[in-house]
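Morning, everyone. I have one structure to go through today, and I will take it region by region. Here it is.

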Amino acid sequence: MNKPINKYIDHTLLKPDATKSEIEKLCKEALEYDFYSVCVNSYWVPLCASLLEGSDVKIAAVVGFPLGAMSTEAKVYETHVACREGAGEIDMVMNIGALKSGNLNAVEDDIHQVVTSAAEFDAIVKVILETGLLSDEEIVTACKLSENAGAAFVKTSTGFGHGGAELDKVKLMRASVSENVLVKASGGIRDKEAALAMIDAGADRIGTSSGMKIVEE
């Protein structure tokens, strides 16, 4: 580990019934524990921006979440609005169906256009692969397309799909990108032992709603 464990954590609340008071609590906890960021749906970005103003806690907003199957134009617009309102990071879901159909140019273009939109605001993009739906070969391909498209991270899972972060998938993702691209492990990481194992496997960021427990352990 090259930094304290709290600085690996994207403190995450993405459930559809999350309330204003729960988002306020999320931001308060992120400030108290000095997490790297909060990760929220884009509707909540303005509230988080107001609550986290003046701190070094970043805001990550999900885009095309959780299926990834919306139009590129829609993803680009959601990215633009989220970044304009204060998101410094975008966690976008890759077009999984396009990848599985062999339409690799569409997958890369989808990511590249979101990366370009985010870059207008000096924001970075993490590409959620949803590894539970992919073969190892598809994971390698998705990682290479993400890097070609300019993504800063490849990320395991939405937490809403088939399975969460798995050590062998994190290792494979780490091996499939250059040192210029980082790996985020997300989905089902609920204790310090699991978080440290993901970091040892090559993750540079951990997406979890259990950040406080992980730090306190």
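Before the first slide, one term: a pocket here is an open set of grid points with protein on both sides within 12 Å along at least five of seven lines, and its lining residues have an atom within 4 Å of a point. Also keep in mind that this is a predicted model.

So, the largest pocket. Its volume is about 300 Å³. The lining comprises 18 residues, and those nearest the centre are Thr12, Gly159, Gly187, Gly188 and Ser209. Which strands each supply at least two residues of that lining? They are β1, residues 9-13, and β8, residues 205-208. Sorted by class, the lining has 12 polar residues, four nonpolar and two charged.

Next, helix α7, which covers residues 167-176. Lys169, Val170, Met173 and Ser176 are its buried residues. Looking down the helix axis, these buried residues fall within an arc of 130°, so they line one face of α7. On the other side, Lys171 and Ala175 are exposed. What do the buried residues pack against? Two helices, α6 at 136-148 and α8 at 192-201, and two strands, β6 at 153-155 and β7 at 182-186.

That brings me to α8, and to one residue in it, Met198. Met198 has a relative accessibility of 7%; the cut-off for buried is under 20%, so Met198 counts as buried. Leaving out residues up to four places away in sequence, Met198 touches Ala165, Glu166, Leu167, Val170, Ala185, Ile189, Ala203 and Ile206. Val170 is also one of the buried residues of α7. Take Leu167 from that contact list: Leu167 and Met198 are 31 residues apart in sequence, while their C-alpha atoms are 6.1 Å apart in space.

Now strand β4, residues 89-93. Is β4 mostly covered or mostly open? Mostly covered: five of its five residues are buried. In a regular strand, side chains alternate between the two faces of the sheet. In β4, Glu89, Asp91 and Val93 are on one side, Ile90 and Met92 are on the other, and both faces are covered. Note that Glu89 and Asp91 are among the buried residues. As for its pairing, β4 runs parallel to β3, with four bridges between the two strands. Within this pair, Ala61 stands opposite Ile90.

Last, some backbone geometry. As background, most peptide bonds are trans, and most residues other than glycine have a negative phi. Where is the cis bond on this slide? It runs from Phe65 to Pro66, with omega near 0°. Pro66 sits in the loop that connects β3, residues 58-63, with α3, residues 72-84.

Asp122 has phi near 55°, and its place is the loop between α5, 104-119, and β5, 124-128. Glu130 also has a positive phi, of about 55°, and belongs to the loop between β5 and α6. Which of these is buried, and which is exposed? Asp122, at 73% relative accessibility, counts as exposed. Glu130, at 2%, counts as buried.

That is the end of my slides. I will take questions now.

Definitions and conventions
Residues are numbered from 1 along each chain as its sequence is written. This is a predicted model: local features need pLDDT of at least 70, side-chain atom pairs count only at pLDDT 80 or more; totals for chains, interfaces and linings use all residues. Side-chain values use heavy atoms; hydrogens and water are left out. On a 1 Å grid over the protein atoms alone, a cavity is a set of points where a 1.4 Å probe fits but cannot get out, and a pocket is an open set with protein on both sides within 12 Å along at least five of seven lines; lining residues have an atom within 4 Å of a point. Grid points are joined across faces, edges and corners, and a volume is the space filled by probe spheres set on the points. Ala, Val, Leu, Ile, Met, Phe, Trp, Tyr, Cys and Pro count as nonpolar, Asp, Glu, Lys and Arg as charged, and the others, Gly among them, as polar. Buried means under 20% relative accessible area, exposed over 50%, partly exposed in between (1.4 Å probe, protein chains only). The arc is that of the directions from the helix axis to the C-beta atoms. Contact means heavy atoms within 4.5 Å. Two strands pair if DSSP finds at least two bridges between them.
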